[in-house]
Amino acid sequence: MSTVAPVVDIDWARIRADFPLLRREVHGKPLIYFDSANTGQKPACVIEKVDAFYRNHNANVSRAVHALGSEATEAYEATRVRLAKHLNVASEDLVLTSGTTFAINLVAYSWGLPRLKAGDVVLLTRMEHHANIVPWQLICERTGATIRVADLHPDGSLDLDALYAAMTPEVKLLGVAHVSNVLGTINPVAAICKEARKRGITSVVDGSQALPHMAVDIAAIGCDFYAFTGHKMCGPTGTGALWARRELLASMPPFLGGGEMIKEVRYDGTVFADPPHRFEAGTPNIAGHVGLGAAVTYLDDIGMDAISAREATLLAHLTEEMTAIDGVRIIGTAQRKAAVVSFLVEGAHAHDLATLLDLEGVAVRSGHHCAHPLMAFYGVPATCRASLAFYNTHDEIEAFAAALRKVRRLLG
Ligand SMILES: Cc1ncc(COP(=O)(O)O)c(C=O)c1O
């Protein structure tokens with residue numbers, strides 16, 4: 001991992017105990033949850049915050065003048081401020097969304113649709129999640145722009161020379177994942193966005209898999225848009241945000257219309273609210289975002305650098321254990337990696353592997369991981385993926401390796 005802080009003075013066993021779900025059993029075995037890249041588990045403080053919101057403060061936001069309305073609005077807006085601090089940006093430039101998918105679609109429809117035209121190119125990398133591919137395809141179909149793909153080295157790192165060479169004058173937008181959900185590769189997004197900016201290319205960074213693992217300073221990255229999801233970083237599902245450069249956000253028309261996003265509505269026209277509320281039509285996921293605020297506070301209290309360092313030791317251990325098992329192939333071996341390990345076992349289908357591991361109490365994801373083009377790059381239909389978080393343990397890694405050995409024997 002990028003930042004290596006000393007993993008001292010942190011009682012990781014106590015931190016793990018904050019996650020009630022991790023105490024359960026599956027198929028009579030202690031659960032080993034290695035699917036945090038899919039969605040992360042929630043600490044009790046987040047669950048309690050959501051519960052307390054519904055019990056004590058539930059009301060709609062930005063509408064009612066009564067006490068509950070003010071409390072709900074305050075709690076919801078406090079998350080925007082909390083997130084902004086966490087990411088080193090201004091809260092007015094953060095649009096709260098249902099997650100990354102919504103955030104990238106917002107960029108595609110509000111920034112892309114009015115601007116892109118035939119002859120323009122949207123540059124994406126081979127490792128993008130479908131959420132950073134399909135919205136652009138939909139916009140390209142409507143505008144006549146086309147998609148260009150920048151390839152990878154076999155280890156799963158971006159071929160930066162190829163990426164920069166692909167940044168020709170026709171390229172208007174670059175979409176790049178901060179961290180790959182399949183390979184774990186951490187991309188040098190600050191350097192990449194700097195190159196894009198030099199060439200007048202607008203950049204969208206998909207931060208879904210970065211925020212759970214590391215400190216992210218959006219201002220230092222220098223991108224134009226940064227999208228992320230809350231449920232992978234200890235927050236509730238249906239939460240997330242889009243950060244956008246202020247002048248871009250100010251120039252963008254709304255994505256969806258409705259309540260909350262207007263100043264004045266007449267039948268002959270509507271005056272829209274200023275950003276970020278212009279992009280938050282309808283009743284948002286209030287309780288979810290209140291919970292996300294608690295999640296960010298929880299992560300900040302541990303410290304993102306400590307989390308990165310903890311996960312680096314877990315990743316090194318997991319990689320060592322898996323490399324020692326005959327017939328296991330790890331896909332994605334870049335130097336800079338988050339704690340995500342995609343793998344295959346010789347002669348076994350990924351789904352069979354995941355099913356048998358589940359019977360051992362191990363939750364890993366199998367499939368294409370919403371990254372068909374990446375699967376095609378590696379010539380495989382699917383992989384298994386073990387993805388860790390700071391709440392996992394070295395004992396779990398050893399138990400997982402034993403389960404994998406057993407499953408390999410069964411399948412071999
Ligand atoms: C890299 C990446 N981008 C985008 C997404 C989509 O996030 P969401 O489904 O929360 O909108 C995911 C989720 O798996 C992801 O891993």
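Let's start with the shell around the ligand: by class, it has one nonpolar, nine polar and two charged residues. Keep in mind as we go that this is a predicted model.

So who is in that shell? The ligand is surrounded by G99, T100, T101, H129, A131, N181, D206, S208, Q209, T229, H231 and K232.

Now let's look at some individual contacts. How far is a polar side-chain atom of T101 from an oxygen atom of the ligand? The distance there is 2.6 Å. K232 also takes part, with a side-chain N or O atom 2.6 Å from an oxygen atom of the ligand. Then there is H231, where an N or O atom of the side chain lies 2.9 Å from a ligand oxygen. How much of the ligand does the protein bury? Taken alone, the ligand exposes 390 Å², and the protein buries 86% of that.

I262, V265 and F272 make a nonpolar surface patch of about 240 Å². I262 belongs to strand β11, which covers residues 262–266. Is I262 buried or exposed, or something in between? With a relative accessible area of 30%, I262 is partly exposed.

Next, a detail of the backbone. Which peptide bond is cis here? The one from P275 to P276 is cis, with omega near 0°. To find P276, look in the loop between β12 (269–272) and α10 (286–302).

H369 is not a glycine, and yet its phi is positive, at about 55°. C370 is not a glycine either, and has a positive phi of about 55°. Where do we find them? H369 is in the loop between β16 (365–367) and α13 (372–378), and C370 is in the loop between β16 and α13 as well.

For C370 the relative accessible area is 22%, which makes C370 partly exposed. The cut-off that matters for this pair is 20%, since buried means under that value.

Note on methods
Residues numbered from 1 in each chain as written. Predicted model: local features only at pLDDT ≥ 70, side-chain atom pairs only at ≥ 80, totals over all residues. Heavy atoms only, no water. Near = heavy atom within 4 Å. Polar contact = N/O pair within 3.5 Å; in protein donor to acceptor, adjacent residues only side chain to side chain. Areas by Shrake-Rupley, 256 points an atom, 1.4 Å probe, with all protein chains shown as cover. Nonpolar A, V, L, I, M, F, W, Y, C, P; charged D, E, K, R; others polar. Patch = residues over 30% accessible without salt bridge, like charges linked within 9 Å, V, L, I, M, F, W, Y side chains within 5 Å. Salt bridge = Lys/Arg side-chain N within 4 Å of Asp/Glu carboxyl O. Helix = DSSP H or I, 4+ residues; strand = E, 2+ residues; numbered from the N terminus. Buried < 20%, exposed > 50% of the residue type's maximum accessible area, 1.4 Å probe, protein only.
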